[in-house]
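Subject: Structure for handover

Hello,

Please find the structure you asked about below. My notes come after it.

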Amino acid sequence: MHKQQVIYQIYPRSFADANGDGIGDLPGIMGKLDYLADLGVDILWLSPIFQSPNADNGYDISDYEAIMPEFGLMADFDDLLKGVHERGMRLIVDLVVNHSSDEHRWFQESRKSKDNPYRDYYIWRGANGRKEPNNWQSFFSGPAWTFDELTGEYYLHLFAEKQPDLNWENPALRQEIYRMMRFWLDKGVDGFRMDVIPFLSKEHGNDGRTFPDYPDGRYGDLTIHANGPRIHEFLQEMNREVLAHYPNCITVGEGFGVSAEQANLYVGVNRHELQMIYHFDHAVPREEHRFLDPAPELTLPELKAIFAKWDRTLDEGPDAPGWQNIYFGNHDNPRVLSRFGDPERYHYESATLLATVLLCQRGTPSLYQGDEIGMTNCPFNSIHEFDDIQVKRAWNALIGPDADVEKQSQFLQTANRIARDHARTPMQWSHAPNAGFTNGPRTWLKVNPNYRDINVAKQKTDPRSVINYYRNLLQFRKHTPVLHEGTYRDLLPEHPTVWAFERRLGEKILLVVANVSGQETNGSTGMTGEVLLSNYADADNTLRPFEARILIIRE
Ligand code: TEU
Ligand code: CA
């Protein structure tokens with residue numbers, strides 16, 4: 001079932017604001033369900049909508065069974081779920097259980113005393129004569145340990161100190177999570193996207209208590225926290241206790257730190273853990289030092305190799321076959337069009353090329369809100385225009401109050417390339433003030449100034465628009481089984497600018513040929529066949545700038 005379907009990720013804070021407070025909300029999403037059904041997506045993934053102080057925009061949950069008041073009421077959620085189902089779509093929510101908010105009652109109890117019944121819902125350690133229990137670092141700069149005066153111990157937080165890690169070694173905590181999962185599934189939710197799920201199990205020392213320092217040479221390499229010793233035991237228990245009792249439940253693991261070779265341990269068809277996983281091999285590196293020393297963008301051969309490797313390894317090994325959730329964009333990455341396209345000179349062509357390449361790959365695709373109209377990165381002119389805790393913490397750690405102007409501008413220039421905020425600017429619905437995202441006077445995060453040119457309303461009535469190309473392509477994909485189950489083969493892995501691949505299912509062979517550059521290819525790529533779909537009106541021998549074609553080969 002999930003192999004034919006397409007996921008659409010909604011970042012609720014930025015999707016649509018119905019009550020004019022400048023913050024997206026559930027009634028806002030409700031008002032756009034016809035838009036989403038008409039687009040032709042199947043599964044909606046909502047980034048967290050639960051009670052949260054929003055230290056990390058909802059990825060810090062203080063009540064797993066209550067809706068964040070800014071987003072609305074439980075009644076609004078019930079209406080939304082009903083509306084999604086009435087339109088034949090499904091809805092998955094974001095399961096953030098590696099950590100909670102420090103404002104969760106469990107943590108409020110846990111920090112009260114060492115013998116509190118909730119103490120071991122979290123991970124507390126003494127300093128043992130050191131500065132912190134060990135040298136682990138947080139994703140959001142600084143140590144992964146914060147000292148709590150009241151009980152004189154440190155607690156672990158791989159993210160912000162307002163996101164204390166839950167102790168999955170504790171069976172009582174695990175049962176609480178399973179009960180909460182059943183609560184949402186019994187309400188009719190169709191599944192979960194699982195936040196940093198490979199991190200649940202932490203590596204302990206031989207005494208089962210201490211946590212080893214980072215090994216030499218891997219200081220601050222947070223991928224080391226993935227794939228801990230008991231992770232598969234925990235996921236198989238979660239499957240036995242919850243998922244197996246809801247056979248239609250969709251599960252998508254956020255596979256931070258999971259290699260292609262390790263993927264089938266999570267999604268192998270006989271592993272009874274998760275249905276699919278997404279990787280970070282093409283995600284933008286964003287460790288703290290990257291804000292002053294950005295990693296170079298992937299070349300096309302590097303990007304193609306990542307897709308080919310993941311496709312191949314899911315078919316190999318004792319636990320094969322596995323399945324993956326493929327994506328180009330999400331709320332943690334800058335806009336894909338600004339990474340690999342050319343929105344200035346070839347907005348339509350490059351946005352539709354990226355859509356073609358993604359939606360013709362093998363795997364269950366996730367589209368990210370706004371990519372369907374070719375939204376781009378947003379110019380942020382000062383650190384104060386950014387919202388993301390990761391950016392702000394890196395700024396404080398690297399820049400501080402007296403840094404020279406040169407260093408400040410270096411940071412801002414890089415953040416304007418890699419920050420997560422690019423994906424979080426309000427959805428651009430029309431040329432109305434604030435892009436039609438809100439009727440109120442302001443928005444929680446700046447609106448991309450290009451909203452008058454790039455918005456849903458302007459494109460809906462234009463037959464040659466990004467959104468109408470997406471609609472056609474989604475319909476084409478829905479009715480083309482070779483794109484669901486067919487094999488994948490990269491035909492020109494080394495070509496610097498052309499992505500050409502074959503999908504094959506029995507006698508059916510489709511070719512996708514894409515010129516991922518602003519230069520016309522010199523000469524034919526040799527890929528010939530009947531053109532089924534293209535982002536240019538006609539087709540000739542060469543490939544024009546960002547031209548993408550889907551061809552059928554009749555052997
Ligand atoms: O992200 C996990 C994660 O490790 C990366 O996305 C990380 O946030 C950063 O982008 C890598 O440099 C998940 C959520 O998707 C993210 O939004 C949350 O901030 C994070 O977990 C904590 O819940
Ligand atoms: Ca609102």
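What follows is a short account of the overall fold and then of a few individual sites.

This is a predicted model, in which local features need pLDDT of at least 70 and side-chain atom pairs count only at pLDDT 80 or more, while totals for chains, interfaces and linings use all residues. Residues are numbered from 1 along each chain as its sequence is written, chains are lettered from A and ligands numbered from 1 in the order in which they are written, and side-chain values use heavy atoms, with hydrogens and water left out.

Overall fold

The protein contains 15 helices and 18 strands. Both are DSSP runs numbered from the N terminus: helices are H or I with at least four residues, strands are E with at least two. Along the principal axes, the C-alpha atoms fill a box of roughly 75 × 55 × 50 Å.

Of the 555 residues, 62% are buried. Here buried means under 20% relative accessible area, exposed means over 50%, and partly exposed is in between (1.4 Å probe, protein chains only). Among contacts with a separation of 6 or more, 70% come from residues 24 or more positions apart; a contact means heavy atoms within 4.5 Å. The accessible surface comes to about 21,000 Å², and carbon and sulfur atoms hold 50% of that. Areas come from the Shrake-Rupley method with a 1.4 Å probe, and for residues only the protein chains shown count as cover.

Helix α6

Helix α6 covers residues 231–241, and its buried residues are I231, H232, F234, L235, E237, M238 and N239. These pack against β5 (90–95), α5 (171–186), β9 (191–194) and α7 (260–267).

E203 sits in the loop between β9 and α6. With a relative accessible area of 42%, E203 is partly exposed. Not counting residues up to four places away in sequence, E203 touches W136, F211, P212 and P229.

Cysteines

A search of the whole structure finds 0 disulfides, taking a disulfide as a pair of cysteine sulfur atoms within 2.5 Å. C249 is buried at 8% relative accessible area, and C360 is buried at 0%.

Backbone geometry

Most residues other than glycine have a negative phi, and most peptide bonds are trans.

- A320 and P321 are joined by a cis peptide bond, with omega about -5°; P321 lies in the loop between α8 (300–313) and β12 (325–327).
- N54 has a positive phi, near 65°. Its place is in the loop between β3 (50–51) and β4 (63–67), and N54 counts as buried because its relative accessibility is 17%.
- F546 is not a glycine but has a positive phi of about 55°. F546 is in the loop between β17 (530–534) and β18 (548–553), and at 4% relative accessibility it counts as buried.

N450

N450 lies in the loop between α12 (405–418) and α13 (456–460). N450 has a relative accessible area of 19%, so it is buried. Leaving aside residues up to four places away in sequence, N450 touches T376 and Q428.

Regards
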